[in-house]
Amino acid sequence: LTETLPMGVPLAEYRASLEAQGGQPPYTWSLDAPLPDGLTLDASQGWLTGTPTTAQEQEIEFRVSDEAGAEAVRLLTLRFESMIEIRTPARLP
């Protein structure tokens with residue numbers, strides 16, 4: 001199963017592939033919680049795609065099952081961080 005997911009940026013397109021091995025394909029993907037706003041999971045292909053709307057970090061339990069009903073589970077973290085920061089100049093005495 002996929003070990004980690006790539007970090008994304010809010011309001012930018014995100015695309016990540018979930019991977020499984022073994023069992024009897026085809027695989028079916030599901031999760032235990034809603035994805036962040038703007039993302040979707042393709043249950044038959046294992047693709048996470050979309051445009052996240054806010055900076056956030058969320059742990060989600062992903063499940064994959066095969067044609068014979070075998071199942072595997074992995075807790076993965078989705079992280080979306082802004083790539084901009086506000087800095088103020090140092091105060092002069």
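This is a predicted model: local features need pLDDT of at least 70, side-chain atom pairs count only at pLDDT 80 or more; totals for chains, interfaces and linings use all residues.
A residue counts as exposed when its relative accessible area is over 50%.

Select Met83, in the segment after strand 6. Its relative accessible area is 62%, so Met83 is exposed.

Next, select Leu11, which lies in the segment before strand 1. Leu11 is likewise exposed, because its relative accessible area is 67%. Inspect its backbone as well: although Leu11 is not a glycine, its phi is positive, at about 65 degrees. Most residues other than glycine have a negative phi.

Proceed to Tyr14 in strand 1 (residues 14-17), and then select Phe80 in strand 6 (residues 71-80). These two residues form the one aromatic pair that the structure holds. The arrangement is edge-to-face, with 5.1 Å centre to centre and 80 degrees between the planes. The partners are 66 residues apart, so the pair links distant parts of the chain. Both Tyr14 and Phe80 are buried.

Now display Arg15 together with Trp47. Arg15 lies over the face of Trp47, at 3.9 Å from the ring centre.

The last stop is a feature of the backbone. Select Pro25 and Pro26, which are joined by a cis peptide bond with omega of about 10 degrees. Pro26 is placed in the loop between strand 1 and strand 2 (28-31). Most peptide bonds are trans.

Key: Residues are numbered from 1 along each chain as its sequence is written. Side-chain values use heavy atoms; hydrogens and water are left out. Rings of Phe, Tyr and Trp (its six-membered ring) pair if their centres lie within 6.5 Å; planes under 30 degrees apart count as stacked, over 60 as edge-to-face and the rest as tilted. Helices (H or I, at least four residues) and strands (E, at least two) are DSSP runs, numbered from the N terminus. Buried means under 20% relative accessible area, exposed over 50%, partly exposed in between (1.4 Å probe, protein chains only). A charge sits over a ring if NZ of Lys or CZ of Arg is within 6 Å of the ring centre and within 35 degrees of the ring normal.
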